[in-house]
Amino acid sequence: MGQKEKVMNDAVALAANREGKYLTFSLADEEYGIWILNIREIIGMLPITSVPETPAFVKGVINLRGKVIPLVDLRRRFGMPTMDYTERNCIIVVEIAGTAGTVSMGVVVDSVSEVLNIKGADIEDTPSFGTQLNTEYILGMAKMGKGLKILLDIEKALTSDEMESVSRAAA
């Protein structure tokens, strides 16, 4: 097999690995998606308890049926302007693999849209923005009609140090 065929096969395998069902949501007029298998549930806003000495994007913790869950504001995490929460805001409870096993974490989004089955052929690689911008947590860009949805690898949206801070907030 020549180099060109290997590159083509690698591209097809990567597209197939990203194909599947995604929960889509909005943040600051942009549409995002998280792989549905990372999602445990979607809930409305709950009272938030602040935790001192956590990163600015960690809103605090919530009590979800007796379990303390750390809460991350994705707007803050991605450096977007913050906003007051309304009845449209939702918490998406995700499960991600941490160093000590699976960790449940809530992420605040502006609103939840729908579940989409996205085909691998509709997913483009993340464009290169230069070396200064970390895009490791972006799986790719899903072409949907005339628009795009940014597909997130929620397990890479936080660095290992940030994950440790989030986990400590819930402890």
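Let me begin with a definition: two strands pair if DSSP finds at least two bridges between them. The model before you is a predicted one, and in it six bridges join strand S4, residues 58-64, to strand S5, residues 67-73. The two strands run antiparallel. Across this pairing, asparagine 63 stands opposite valine 68 in S5. S4 and S5 form a hairpin, with two residues between them. In the turn, arginine 65 has a positive phi of about 50 degrees. As for S4 itself, five of its seven residues are buried, which leaves the strand mostly covered.

Before going further, I turn to confidence. The average pLDDT of the chain is 83, and 77% of the residues score at least 70. Which elements have the lowest and the highest mean pLDDT? The lowest belongs to helix H1, residues 3-18, with a mean of 52, and the highest to S3, with 96. Over residues 6-14 the pLDDT falls below 50, and this stretch has three contacts in the model beyond near neighbours in sequence. Where pLDDT is low, the predicted coordinates should not be read in detail.

Glutamate 41 is found in S3, which covers residues 39-44. Is glutamate 41 buried or exposed? Its relative accessible area is 18%, and the cut-off for burial is under 20%, so glutamate 41 counts as buried. Its side chain makes a polar contact of 2.5 Å with the side chain of arginine 65. Leaving aside residues up to four places away in sequence, glutamate 41 touches Leu64, Arg65, Ile91, Ile92 and Val93.

Serine 104 is buried because its relative accessible area is 10%. The side chains of serine 104 and arginine 40 make a polar contact at 2.9 Å. With residues up to four places away in sequence again left out, serine 104 touches Arg40, Lys67, Ile69, Pro70, Val94 and Glu95.

I come now to the aromatic rings. How many aromatic pairs does the structure hold? There are three. In one of them, the rings of phenylalanine 25 and tyrosine 32 have centres 5.8 Å apart and planes at 15 degrees, so the pair is stacked. Phenylalanine 25 counts as buried at 0% relative accessibility, and tyrosine 32 counts as buried at 7%. Phenylalanine 78 and tyrosine 137 also form a stacked aromatic pair, at 5.2 Å centre to centre and with 10 degrees between the planes. Phenylalanine 78 lies in the loop between helix H2 (74-77) and strand S6 (90-98), while tyrosine 137 lies in the loop between strand S9 (123-124) and strand S10 (138-144), so this pair ties together parts that are 59 residues apart in sequence. Both phenylalanine 78 and tyrosine 137 are buried. Phe25, Tyr32, Phe78 and Tyr137 form one aromatic cluster.

The charged end of arginine 77 sits over the ring of phenylalanine 57, at 5.5 Å from the ring centre.

That concludes the presentation, and I thank you for your attention.

Definitions and conventions: Residues are numbered from 1 along each chain as its sequence is written. This is a predicted model: local features need pLDDT of at least 70, side-chain atom pairs count only at pLDDT 80 or more; totals for chains, interfaces and linings use all residues. Side-chain values use heavy atoms; hydrogens and water are left out. Helices (H or I, at least four residues) and strands (E, at least two) are DSSP runs, numbered from the N terminus. Buried means under 20% relative accessible area, exposed over 50%, partly exposed in between (1.4 Å probe, protein chains only). A polar contact is a pair of N or O atoms within 3.5 Å; within protein, one must be able to donate a hydrogen and the other to accept it, and residues adjacent in sequence count only if both atoms are side-chain atoms. Contact means heavy atoms within 4.5 Å. Rings of Phe, Tyr and Trp (its six-membered ring) pair if their centres lie within 6.5 Å; planes under 30 degrees apart count as stacked, over 60 as edge-to-face and the rest as tilted. A charge sits over a ring if NZ of Lys or CZ of Arg is within 6 Å of the ring centre and within 35 degrees of the ring normal. pLDDT is the predictor's confidence in each residue, from 0 to 100.
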